[in-house]
Amino acid sequence: MDNKESDAADDGVSEAESCSTSWVQSMGATGGSDSQVDSQLSEAVRLKTEGNAFYRGKNVRSAIGRYHRALLVLRGLDSEVMSSLKVFRPQSPTLTPEQDELFRSTQIDCYNNLAACLLQRELVDYARVQEYSLKVLQWRPGDIKALYRAGVATLELGDTQTAQQYLLQASRGKPNDANVKKQLQRVEERLSKDYEKEKALYKGMFNKQKETDEEETAEENPSQV
């Protein structure tokens, strides 16, 4: 099954890059900040931007590497991660609202584009695609591409009804999207096959029970010679 998307990288990447670049440039224009937080955010943005360039150049492997490295840099700023490590690092960094917004948007973009990259591989790790897409939806519930990719991955992992829910949500945001329509058609076909299998199973069970009842009746009322 070919689930490769021609536009799988985030549609919002260009805008996010523009905002991130403006933020980094503003640091340089004002002499910059020597804080570790600003340095880590700038490095993560740079790696994500390189990843986007590699993706657009069809170099998926290098793009994946850059996104993973960006997330590794951001890990040191994640309050959820650092809270569990306070016993080792009692002075975890505190982000300003602007820094936190850039941190989260960069993190979301990296997970979103990692899922896109994985769908381009010959052997797709659908469990990982699902994991990354659900991370995006945790922070950005209405993200159309994350909903679509979660639907594709969940369908391939065998949970047809949940996949249908993700894809229906995606279709509400993009009712004319050809990829979403195609996957919803696959869902309907899968549900129809599952229904026919279930119907055949119950029919077989009913016939078996009917045969058993007839045999028991014959034993209780043997024919007279």
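These are my notebook entries on a predicted model of one protein.

**Ground rules.** I number residues from 1 along each chain as its sequence is written. As the model is predicted, I take local features only at pLDDT of at least 70 and side-chain atom pairs only at pLDDT 80 or more, while totals for chains, interfaces and linings use all residues, and side-chain values use heavy atoms, with hydrogens and water left out.

**Confidence.** I looked up pLDDT (the predictor's confidence in each residue, from 0 to 100). The protein averages 81, and 67% of the residues score at least 70. Helix 1, residues 13-29, has the lowest mean, at 51, and helix 6, residues 126-139, has the highest, at 98. I noted two stretches where pLDDT stays under 50. Over residues 6-15 the model has 25 contacts beyond four places in sequence; over residues 28-34 it has three such contacts. Contact here means heavy atoms within 4.5 Å.

**Secondary structure.** I counted helices (DSSP runs of H or I, at least four residues) and strands (E, at least two), numbered from the N terminus. The protein has nine helices and zero strands. The pattern along the sequence is α-α-α-α-α-α-α-α-α.

**Contacts and surface.** I checked contacts between residues at least 6 apart in sequence, and 66% of them join residues at least 24 apart. For burial I used relative accessible area: buried is under 20%, exposed is over 50%, and partly exposed is in between, with a 1.4 Å probe and protein chains only. Of the 225 residues, 38% are buried. The protein exposes about 13,600 Å², of which carbon and sulfur atoms supply 50%. Accessible areas come from the Shrake-Rupley method with a 1.4 Å probe, and for residues only the protein chains shown count as cover.

**Nonpolar core.** I searched for sets of buried Ala, Val, Leu, Ile, Met, Phe, Trp, Tyr and Cys residues joined through side-chain atoms within 4.5 Å. The largest such core has 46 residues, and Leu-41, Tyr-67 and Cys-117 have the most contacts inside it. Two or more residues each come from helix 2 (36-56), helix 3 (60-75), helix 5 (97-118), helix 6, helix 7 (144-156), helix 8 (160-173) and helix 9 (178-220). Helix 5 contributes the most, 10 residues.

**Glu-188.** I located Glu-188 in helix 9. Glu-188 counts as partly exposed because its relative accessible area is 45%. Its C-alpha atom is separated by 9.7 Å from that of Gln-161, 27 residues apart along the chain.
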